[in-house]
Amino acid sequence: MRSDAQANRDRVLAAAEEVFGESGKAGSTEEVARRAGVGIGTVFRHFPTKQLLVEATIVRHLTLLTDTARARGEGGEAGAAFRMTFREMVSGAPAKLALVALLEESADPAGATDEVVAAASGLRDAVEVLLSRGQEAGEVREDATVDEVYVLIRALANARGDRAVVDRAIGLVLDGLAPRPSE
């Protein structure tokens, strides 16, 4: 793909995440094109259907989170890397949940595409690595599992209300994931 075509595609996907994250199924491909600064033909050239656009947007969202989590994992403090990724997953979850709901409404009853499943699996693996490294460093409680972490992320992602209250709740949950005194 030419660099200008790739740049257009990237802008379309970023705009789609905003539009569908804000408006759900009421979001339109026309609004995606407008926010991306491209014509509607460009959107449909890359994504012939709204479903393909939604799937690609989910894959992009998950892949960006995965890449960031892996990069953090290669860095210094394991516990900080885990906590930053946890916070980022919660804060980005409303857009992701709106995209997943859109995908479920329009998708084949067989479920998500292999690409979406692979992207979700890659993120889960990256989170599990961060969790394990945080535990090995003594910065995350030893008995926490990735399944439990995902339950907490989903619960916080669905929290409504004042952003400051949700941010404080995230802090409380992360405090609960800190090592217990006996560890």
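Predicted model: local features only at pLDDT ≥ 70, side-chain atom pairs only at ≥ 80, totals over all residues.

Reader: What does the secondary structure of the chain come to?

Author: Helices (H or I, at least four residues) and strands (E, at least two) are taken as DSSP runs, numbered from the N terminus. Here the chain has eight helices and zero strands, giving the pattern α-α-α-α-α-α-α-α along the sequence. The C-alpha trace spans about 60 × 35 × 30 Å along its principal axes.

Reader: Of the 183 residues, what percentage count as buried?

Author: A residue is buried under 20% relative accessible area, exposed over 50% and partly exposed in between, with a 1.4 Å probe and protein chains only. By that rule 39% of the 183 residues are buried. Gly-39, in the loop between H2 and H3, is partly exposed, with a relative accessible area of 39%. Its C-alpha atom is 42 Å from that of Ala-80, and these two residues are 41 apart in sequence.

Reader: How many residues are in the largest nonpolar core, and which of them touch the most other members?

Author: A nonpolar core is a set of buried Ala, Val, Leu, Ile, Met, Phe, Trp, Tyr and Cys residues joined through side-chain atoms within 4.5 Å. The largest one has 47 residues, of which Val-12, Phe-20, Val-32, Leu-53, Phe-82 and Phe-86 touch the most other members. Among the elements that give two or more residues to this core are helix H1 (3–23), helix H2 (29–36) and helix H4 (50–74).

Reader: Which residues is Val-12 in contact with, leaving aside its neighbours within four places in sequence?

Author: Contact means heavy atoms within 4.5 Å. With those neighbours set aside, the partners of Val-12 are Val-32, Ala-36, Val-38, Val-43, Phe-47 and Leu-53. For the chain, 70% of contacts between residues at least 6 apart in sequence join residues at least 24 apart.

Reader: Why do the buried residues of H2 line one face of the helix?

Author: An α-helix has 3.6 residues a turn, so residues three or four places apart point the same way. In H2 the buried residues are Thr-29, Val-32, Ala-33 and Ala-36. Seen down the axis, they fall within an arc of 100° (taken from the directions from the helix axis to the C-beta atoms), so they line one face of H2. Their cover includes H1, helix H3 (40–46) and H4. Glu-30 and Arg-34, on the other side of H2, are exposed. Just after this helix, Gly-37 takes a positive phi of about 75°.

Reader: Which residues form an aromatic pair?

Author: Rings of Phe, Tyr and Trp (its six-membered ring) pair if their centres lie within 6.5 Å; planes under 30 degrees apart count as stacked, over 60 as edge-to-face and the rest as tilted. The count by this rule is one aromatic pair. Phe-82 and Phe-86 form it, tilted, at 6.2 Å centre to centre with 50° between the planes. These two are separated by about one helical turn because they are four residues apart in helix H5 (residues 78–106). Phe-82 is buried at 2% relative accessibility, and Phe-86 is buried at 1%.

Reader: Which residue lies over the face of Tyr-150?

Author: A charge sits over a ring if NZ of Lys or CZ of Arg is within 6 Å of the ring centre and within 35 degrees of the ring normal. Arg-124 lies over the face of Tyr-150 in this way, at 4.7 Å from the ring centre.

Reader: What does the side chain of Glu-17 join in a polar contact?

Author: A polar contact is a pair of N or O atoms within 3.5 Å; within protein, one must be able to donate a hydrogen and the other to accept it, and residues adjacent in sequence count only if both atoms are side-chain atoms. Glu-17, in helix H1, is buried at 16% relative accessibility, and its side chain meets that of His-61 at 2.6 Å.

Thr-66, in helix H4, is buried with a relative accessible area of 5%. Its side chain reaches the backbone oxygen of Leu-62 at 2.8 Å.

Arg-141 lies in the loop between H6 and H7 and counts as buried at 19% relative accessibility. The side chain of Arg-141 reaches the backbone oxygen of Gly-176 at 3.3 Å.

Note on methods
Residues numbered from 1 in each chain as written. Heavy atoms only, no water.
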